[in-house]
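Visitor: Hi! I have a structure open and would like to talk it through with you.
Guide: Happy to, go ahead and show it.

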Amino acid sequence: MSTSSDASRGSRAPSGVVTLVHGAGGRASHELVASVFVEAFRNPMLERLEDHAVLDWGGRRLAVTTDAFIVQPIVFPGGDIGSLAVHGTVNDLATAGARPLGLAAAFILEEGFPIDDLRRVAASMADAASRAGAPVVTGDTKVVQRGKGDGVYVAVTGIGAVERPVAPSIHRARPGDRVLVSGTLGEHGVAVMLARGNLRLESDIRSDSAALWGLVEAVLDACPGVRAMRDPTRGGLATVLNEIAKASGVAIRIVESGLPVREDVRAACELLGIDPMYVANEGKMVFVVPPEGADAALAALRAHPLGRHAAMVGTVEPEPAGVVLAEGPAGGTRRVDLLTGDPLPRIC
Amino acid sequence: MPDRRNRARWSRASRISVRVSFMKYIDEFRDPAILAGLLREIASAADGRRIRLMEICGGHTHAIYRFGLHALLPPSIDLVHGPGCPVCVLPRGRIDGAVGLARRPGVTLATFGDMLRVPGSHGSLLDAQAAGADVRMVYSPLDALALARANPGRTVVFFAIGFETTAPGTALLLRQARAEGVKNLAVYCNHVLVIPALRALLAGGSELDGFIGPGHVSAILGGDAWAFLPREYGKAVAISGFEPLDLLQAVLLAVRQVVAGRPAVEVPYARAVRPEGNRKAQAAVSEVFETRPDFAWRGLGIIPASALRIREAFADWDAERRYGLADVVVPDPPVCRCGDVLRGRAKPWDCRAFGTACTPDAPLGACMVSSEGACAAVHQYGRLGRSAPDFQEAR
């Protein structure tokens, strides 16, 4: 369950009705999760607010995660809702250091959705699952009335095995640690935004949607002491770094010019007035590693086909706790905070 | 206030291709060595003299904090944040008007994304949407026309906001709607004018030495529109773009004017701003709009002749006439010091509510509601994990 421990720090509990801001992955999402779900389900495993839970079963460790996928358009450059659902789930398992074993998928279909389109989504999902080594072993189907859904929603639960003596956690970042990202940022979010067609921008930008267990395994081999992993999906790198900084009670300092971002993604973000640091990725991982393991981890990333553009982007510092700082081109330092809602193209 | 980076471009019918070469152009304006050189020149030109410059435009305020420029300038140079955030200065009564329109049966309310979260007295447009209203985010005024054509059974009301920069786009929408005879479209006009606001701000005397002029407004109005500032008020003016290099260059020119005691209008942002401005845009605006007798600005109060309304010739498309909307003045909470912040008399952290009762999630006052507002910019980028007053010590 993605969120930080914001609510435990005395921020306002939301009231009224759910708005779209609650789904944007920013501060409002965190507060909703903390004040409704964590309150209701309260248990030590959930309260860690990782993207996964690790269950001990007779001395073996099983990782569990679940994720719901709602994306418009359903097919976008570089993927579709089916492949995205597999990749997102496998990547959440990978953040626990878990090899995926199998997936369960639930489909919520809107009356009127073409069965041929559904077949294509299922085929793409099967292909992604087979490449990721995570077969879809069970599932469920429901249909809602026309107008009550958005074509197709997919919810996927994943089970994985933690076979190494590792326990990466967003609570384990320590001063001196290094922050690595596995590649260029913002491609998924920009590709989907432009695919909606209402911005009248054209580009060759494709979603980075990919399963990352192989890449994570390579990093764990090279640097078994990995402290934390999280995939920077909704809310982007900025949100993940805030979650880690808050959970670990540390500061994270990054240098903006060192962030790997494709030139066309930067250009699109400039035109839209949004910051690539807040844009979603679906095939990238953020690693926090101890300083002595950083070079080995970076080399392992760059040796992997999905990590060629990996970069060391920041360091963990003791103060100010819970804060992410960015050094800009002129040398000025600014705070990188959680967003209130979606990153919106600015009017004016 | 700035049409954030080429907004006009995507209101054209054609699609733009995002190319790699675009960023090479931008990067030159963020070159660390050039920026460091400019900072040294500014320090030497100011020579420790206390100089107060107001950046009029909210886009400048945002860029200054986004790039941390406020902390890099010599401590004797004070950047004061001006009233040029269109979302911020829109009074609550007008937000309530838009929310009321959105709640009407058969109405689809279209507006820019920034407006959706701004709270009125009974919630925001996003809250109205959650309660069942049909609210759409558009990227260009002309998108509202497309919505109207696609939904002949509904009336699309475009909630138009912004300074002189966005008014031409709304003017084109109204012209087009009339030319095509599109009846299921109306405009709720909330365009405001920056020059009357500045005059109001300077009327009571001011400690400001000069202004960083707004780049995009000036692209429409022209550099000459600012001549009254040096002539009548003795203030320096340098019109800036939105990149760090633009801003530092404008600061340097303004500082030199102040130190030399020769206030003038200089236009380092000449790649976008001509002395006479954009005549076609000006003509479209005056064809469609006329000046209101007065307008109540949030934080600044009632300013004569400071906003636009739709002319009689376009009355059929005027939402205020069609729905008989009355102006209701809804005061801001008394603890809020937005008026002082917008006038440059207080810094965001001087306000007791800043960061406590007033945050971007739950804004009390105007300056916290948009990312271009001074309080929101400081809140988003400035707080370095310390309490707000540390800003003064940090300088």
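Visitor: How many residues of domain 1 of chain B are in contact with domain 3 of chain B?
Guide: Ten residues of domain 1 of chain B are in contact with twelve residues of domain 3 of chain B. Two residues are in contact if their C-beta atoms, placed from the backbone, lie within 7 Å. H4(B) gives the most to the domain 1 side that touches domain 3 of chain B, with six residues. This is a predicted model: local features need pLDDT of at least 70, side-chain atom pairs count only at pLDDT 80 or more, and totals for chains, interfaces and linings use all residues. Residues are numbered from 1 along each chain as its sequence is written, while chains are lettered from A and ligands numbered from 1 in the order in which they are written.

Visitor: Where are the domains of chain B?
Guide: Domain 1 takes in 29–76 + 195–266, domain 2 is 91–191 + 278–322, and domain 3 is 338–394. Those bounds come from an automatic or database domain assignment. The C-alpha centres of domain 1 and domain 3 of chain B lie 21 Å apart.

Visitor: Back to helix H4 of chain B: how many of its residues are buried?
Guide: Nine of the nine residues in H4(B), residues 58–66, are buried. Buried means 20 or more other C-beta atoms within 10 Å of a residue's own, exposed means 12 or fewer, and partly exposed is in between, with C-beta atoms placed from the backbone. Among the buried ones are B:His60, B:His62, B:Tyr65 and B:Arg66. Helices (H or I, at least four residues) and strands (E, at least two) are DSSP runs, numbered from the N terminus.

Visitor: What follows H4(B)?
Guide: B:Gly68 follows H4(B), with a positive phi near 65°. There is a glycine after H14(B) too: B:Gly261 comes just after that helix and takes a positive phi of about 70°.

Visitor: And H14(B), what span should it have?
Guide: H14(B) covers residues 244–260, and at 1.5 Å a residue its 17 residues should span 24 Å. The expected span is 1.5 Å times one less than the number of residues. The end C-alpha atoms of H14(B) are 24 Å apart, which agrees. As 14 of its 17 residues are buried, H14(B) is largely enclosed by the rest of the structure.

Visitor: Which way do S2 and S3 of chain B pair, parallel or antiparallel?
Guide: S2(B), residues 51–57, and S3(B), residues 77–84, pair in the parallel sense over six bridges. Strands count as paired if DSSP finds at least two bridges between them. B:Ile51 stands opposite B:Ile77 in S3(B), and S3(B) is mostly covered, with seven of its eight residues buried.

Visitor: What does chain B come to overall?
Guide: Chain B has 19 helices and 14 strands. Its radius of gyration is 21 Å, which agrees with the value near 21 Å that a compact globule of 395 residues would have. The radius is taken over C-alpha atoms, and the globule rule is 2.2 Å times the number of residues to the power 0.38. Buried residues make up 56% of chain B.

Visitor: Switching to chain A, how many helices and strands are there?
Guide: Chain A has nine helices and 15 strands. Its radius of gyration is 19 Å, close to the 20 Å the globule rule gives for 348 residues, so chain A is as compact as a globular protein of that length. Its C-alpha trace spans about 60 × 55 × 45 Å along the principal axes.

Visitor: What order do the strands take in the five-stranded sheet of chain A?
Guide: The order is S1-S2-S7-S5-S6, in an open sheet with mixed pairing. Its edge strands are S1(A), 53–57, and S6(A), 136–144, each pairing on one side only. S1(A) and S2(A), residues 60–69, run antiparallel over five bridges, and A:Leu62 in S2(A) is the bridge partner of A:Leu55.

Visitor: One more: is A:Ile170 buried or exposed?
Guide: A:Ile170 is buried, with 25 other C-beta atoms within 10 Å. This residue lies in the loop between S7(A), 152–162, and S8(A), 178–181. Leaving aside neighbours within four places in sequence, the contacts of A:Ile170 include A:Glu50, A:Arg230 and A:Ile244.
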